[in-house]
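I set out the terms as they come up.

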Amino acid sequence: MKILKEACVGNFKEAKRAYELGADRLELCDNLKEGGTTPSYGTILLAKETLKLAINVMIRPRGGSFVFTEEEIKIMEKDIELCREAKVNGVVIGALTEDNRIDEKALKRLIKKSEKLSVTFHMAFDEIEDKKVALDKLIELGIDRVLTKGGQGSAVDNQQTLKELVNYADNRIIILAGGGITQDNCRELVKNTGIKEVHGTKIVGKLV
């Protein structure tokens with residue numbers, strides 16, 4: 001079975017290296033030590049112009065919590081508009097309420113701006129307690145995939161949960177596994193969980 005490998009990269013140099021190593025798709029970010037924030041527009045444009053593979057752009061104005069202010073949501077809306085202008089494959093978004101539930105109001109605004117782009121809900125998902133209820137809501141909102149470790153720790157630690165999420169999703173939404181997944185352990189994880197897409201900074205080898 002073909003495994004789709006999405007390389008998580010923190011700058012253009014890493015993006016180019018992941019492309020050369022055979023990544024199927026990029027999650028293009030800045031500030032990976034902060035969990036990933038929105039890269040510069042110049043980085044997005046150069047990656048789109050020179051790397052012939054699908055590029056999904058992280059839309060997150062800062063590190064820290066996933067509870068965003070009105071001003072931060074407006075920033076994300078503007079960044080999504082720029083991604084649409086750049087004609088990238090998709091965007092990676094997420095927003096939570098203070099009690100770690102999906103912020104439906106914010107998400108609806110971001111999804112509306114993401115028209116014609118693929119939409120991934122990022123690892124804010126792992127902060128949510130009832131993941132099956134959250135999956136149903138993301139499906140209802142029209143999200144294409146959710147990036148998850150399956151909970152706290154790494155994806156390798158949460159294989160049973162990931163398998164349950166894949167089964168519950170039942171092809172209604174893509175479960176993209178990330179967190180501690182490398183080119184060396186991804187096949188075993190795929191075999192154990194039924195995951196078809198994997199994500200990581202070492203998914204195609206060492207980028208730096």
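**Entry 1: the cover of α3.** What covers the buried residues of α3? I found that the cover includes α2 (41–50), β3 (54–58), β4 (90–93) and α4. Before going further I noted that this is a predicted model, in which local features need pLDDT of at least 70 and side-chain atom pairs count only at pLDDT 80 or more, while totals for chains, interfaces and linings use all residues. Residues are numbered from 1 along each chain as its sequence is written, and side-chain values use heavy atoms, with hydrogens and water left out.

For the terms, helices (H or I, at least four residues) and strands (E, at least two) are DSSP runs numbered from the N terminus. Contact means heavy atoms within 4.5 Å. Buried stands for under 20% relative accessible area, exposed for over 50%, and partly exposed for what lies in between, with a 1.4 Å probe and protein chains only.

**Entry 2: α3 itself.** I looked up the length of α3 and found 17 residues that reach 25 Å from first C-alpha to last, close to the 24 Å expected at 1.5 Å a residue; the expected span is 1.5 Å times one less than the number of residues. The buried residues of this helix are E72, I73, M76, E77, D79, I80, C83 and A86. I kept in mind that an α-helix has 3.6 residues a turn, so residues three or four places apart point the same way. After α3 comes K87, whose phi is positive, near 60 degrees.

**Entry 3: E72.** Leaving aside neighbours within four places in sequence, E72 is in contact with P61, R62 and V67. E72 and P61 are eleven residues apart in sequence, and their C-alpha atoms are 6.5 Å apart in space.

**Entry 4: the core.** Which residues touch the most other members of the largest nonpolar core? Among its 60 residues these are L26, I93, F121, F125, L138 and V198, and helix α3 (residues 70–86) supplies the largest share of this core, five residues. Such a core is a set of buried Ala, Val, Leu, Ile, Met, Phe, Trp, Tyr and Cys residues joined through side-chain atoms within 4.5 Å. In soluble globular proteins, nonpolar side chains tend to be buried together. For F125 I listed the contacts beyond four places in sequence, and they are K131, A134, L135, L138, V146, L147, T148 and L165.

**Entry 5: α4 against α5.** I then looked up how helix α4 (residues 104–113) meets helix α5 (residues 131–141): their axes come within 11 Å and cross at roughly 35 degrees. Axes here are lines fitted to C-alpha atoms, for helices over the stretch in contact, and angles run from 0 to 180 degrees between N-to-C directions. On the α4 side E104, L107, K108 and I111 take part, and on the α5 side K137, L138 and L141. These contact residues divide into four nonpolar, no polar and three charged, where Ala, Val, Leu, Ile, Met, Phe, Trp, Tyr, Cys and Pro count as nonpolar, Asp, Glu, Lys and Arg as charged, and the others, Gly among them, as polar.

Entry 6: With neighbours within four places left aside, L51 is in contact with F12, A15, K16, Y19, L26 and L46.

Entry 7: Phi of D170 is near 50 degrees and that of N171 near 65 degrees, each a positive value in a residue other than glycine. Both are exposed, D170 with a relative accessible area of 54% and N171 with 70%.
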